[in-house]
Amino acid sequence: RDQHAKEKGRLQKKIEDLLSKLEHQTSEEKGEMGEAEVYAALKGAFPSDAIERIAKGMNGADILQKVIQDGKEVGRIVYECKNANTWQNEWISKAKRYRLDYQTPWVVIAARTLPHGEKSFVVEKGVPVVNFGLTASLAEIVREAVGEIGQLRNSRTDGEAKAVQMFEYILSDHFISRFKGFAESIAALREHQSKERQWHSEAWSKQTRYYDEMENERREIAARMLAIAETPTKPILKVVGGT
C-alpha cells in the first residue's frame, strides 16, 4: 500500500509541476481556438503522436490523438469540439459513448460555451469540459498521464489500477481547482498584455504627434531663414547735407 501511495503521489506531483510550467506560457500561446486551431496546436505540441481529424459527415469524434512511445501506441485521447453559443447536455452522452467506441477513458469536450456559466474548465457528469483556448494546455497534462500509464503497464502488474487512479485524479476537485487557477492566471495575463499593448500604442501615437509638431516648427524656422537669406537687401541711403 505504501508503494502504491508513493507512486500515486509521484504522478500527481508530475502533473502539478506541469501545471506550474504551463502558467508561465504567454497568453498568445493560449488564444481563442476552434476545431482547426485545436488540431493544429495538438499537431505542433505532440509531433511524435498520430493525430487525425475525423471527416465531417463521418461517425465519430472530431479529433483522435494516438499517444506514441517507442514507436508503439500506448493510449488514446479523444476530443469533441463544440463551437456553439449554448451548452447542450446531449454532448455528455455522446462523449461517454466515445469511451467505448475508442476504447479509452480520455474523452475531452472542447467548447466555446461551458455548462453552469463556467469559463475555463469543469467536469460535467464525469466528462472533462474545457474552453477552446485551454484545450492544448489540458492536453499536455492528459498526454503526460497517458504516457506515464503506458510505461507502468509495461513494467508493473498494477498498471490498470494506476490508470484508474490518474483518471480519477484529473476529475477530482483538487485538479479542477488547480486548473481553474491556471486559467485565471492566463486570463489576467491576457488582460495585462492587452492593456500594455494599448498603452504602448497610445504612447507611440503621442510621440509621433510630438515629433510631427517639432518637425513642422523646424521646417517653418528653416523656411524663414532661407527667405531671409534669399531676399535682396535694400541699400541703406545716407542723408547728405544740412545746415
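The model is predicted: local features need pLDDT of at least 70, side-chain atom pairs count only at pLDDT 80 or more, and totals for chains, interfaces and linings use all residues. Residues are numbered from 1 along each chain as its sequence is written, and side-chain values use heavy atoms, with hydrogens and water left out. Helices (H or I, at least four residues) and strands (E, at least two) are DSSP runs, numbered from the N terminus.

**Helix 2**

- Glu35, Val38 and Leu42 are buried in helix 2, which spans residues 35-45; buried means under 20% relative accessible area, exposed over 50% and partly exposed in between, with a 1.4 Å probe and protein chains only.
- Viewed down the axis of helix 2, the buried residues fall within an arc of 60 degrees, so they line one face of the helix; the arc is that of the directions from the helix axis to the C-beta atoms.

- Ile51 has Gln65 of strand 2 as its bridge partner.
- Strand 2 also runs antiparallel to strand 3 (residues 72-82), to which 7 bridges join it.
- Lys72 in strand 3 is the bridge partner of Gln69.
- The hairpin formed by strand 2 and strand 3 has 2 residues between the strands, and Asp70 in the turn has a positive phi of about 55 degrees.
- Strand 2 (residues 63-69) is mostly covered, with 5 of its 7 residues buried.

**Aromatic and charge contacts**

- The whole structure holds 7 aromatic pairs; rings of Phe, Tyr and Trp (its six-membered ring) pair if their centres lie within 6.5 Å, with planes under 30 degrees apart counted as stacked, over 60 as edge-to-face and the rest as tilted.
- Tyr169 and Phe175 are edge-to-face, because their ring centres are 5.9 Å apart and their planes stand at 70 degrees.
- Phe175 and Phe179 form a stacked pair, 5.9 Å centre to centre with 25 degrees between the planes.
- These two residues, Phe175 and Phe179, are 4 residues apart in helix 6 (residues 173-230), separated by about one helical turn.
- Tyr169 is buried at a relative accessible area of 7%, Phe175 is buried at 0%, and Phe179 is buried at 0%.
- Phe121, Tyr169, Phe175 and Phe179 are linked into a cluster by ring pairs.
- The charged end of Arg53 sits over the ring of Tyr39, 5.8 Å from its centre; this requires NZ of Lys or CZ of Arg within 6 Å of the ring centre and within 35 degrees of the ring normal.

Key: Two strands pair if DSSP finds at least two bridges between them.
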